[in-house]
Amino acid sequence: MRPTIDWIKSSQRREPLFATGCPAGGWGWAMPSSWPDVDDTSLAVATLARFGVPADDPHLRDGVSWLHAMRNGNGSWGCFIRNGRTMFDAPARR
């Protein structure tokens, strides 16, 4: 599983994406642009954890921090943009 773990880690975006205003630390749906989104990031974090990557690993820690940073004001998540107004990114209603 080492090559898979290494590939997942190497696919993490290490720079902010100014087009969406998101910080570094997320995983994206396509390469090489790799626009980070919530579902790919949450799956990458869960997969790394399932493969036994320790919680203090910088990739795992940065991915969890990215998810917290992208959380909408009402506690929900969009897809690409925090507190967005498009169909994919509008905060969910409670």
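Of the 94 residues in this predicted chain, 40% count as buried. The accessible surface of the chain comes to about 5,900 Å², and carbon and sulfur atoms make up 60% of that area.

Turning to the fold itself, the chain holds 3 helices and 0 strands. Read from the N terminus, the order of elements is simply α-α-α. The radius of gyration is 13 Å, close to the 12 Å that the globule rule gives for 94 residues, so the chain is as compact as a globular protein of that length. Along the principal axes, the C-alpha atoms fill a box of roughly 40 × 30 × 15 Å. Contacts tell a related part of the story: among those in the chain with a separation of 6 or more, 36% are made by residues 24 or more positions apart.

Among the elements, helix α1, covering residues 2-10, has the lowest mean pLDDT, at 95, while helix α3, covering residues 58-69, has the highest, at 97. As a reading guide, where pLDDT is low, the predicted coordinates should not be read in detail.

Two residues outside the helices are worth a visit. The loop between α1 and α2 (38-50) contains E15. Is E15 buried or exposed? Its relative accessibility is 54%, and because the cut-off for exposed is over 50%, E15 counts as exposed. Even so, E15 has partners beyond its neighbours within four places in sequence, namely P23 and A24, with which it is in contact.

N83, however, has a positive phi of about 55° although it is not a glycine. With a relative accessibility of 33%, N83 counts as partly exposed, because this value falls between the 20% limit for buried and the 50% limit for exposed.

Definitions and conventions:
Residues are numbered from 1 along each chain as its sequence is written. This is a predicted model: local features need pLDDT of at least 70, side-chain atom pairs count only at pLDDT 80 or more; totals for chains, interfaces and linings use all residues. Side-chain values use heavy atoms; hydrogens and water are left out. Helices (H or I, at least four residues) and strands (E, at least two) are DSSP runs, numbered from the N terminus. The radius of gyration is taken over C-alpha atoms; the globule rule is 2.2 Å times the number of residues to the power 0.38. Buried means under 20% relative accessible area, exposed over 50%, partly exposed in between (1.4 Å probe, protein chains only). Contact means heavy atoms within 4.5 Å. Accessible areas come from the Shrake-Rupley method with a 1.4 Å probe; for residues, only the protein chains shown count as cover. pLDDT is the predictor's confidence in each residue, from 0 to 100.
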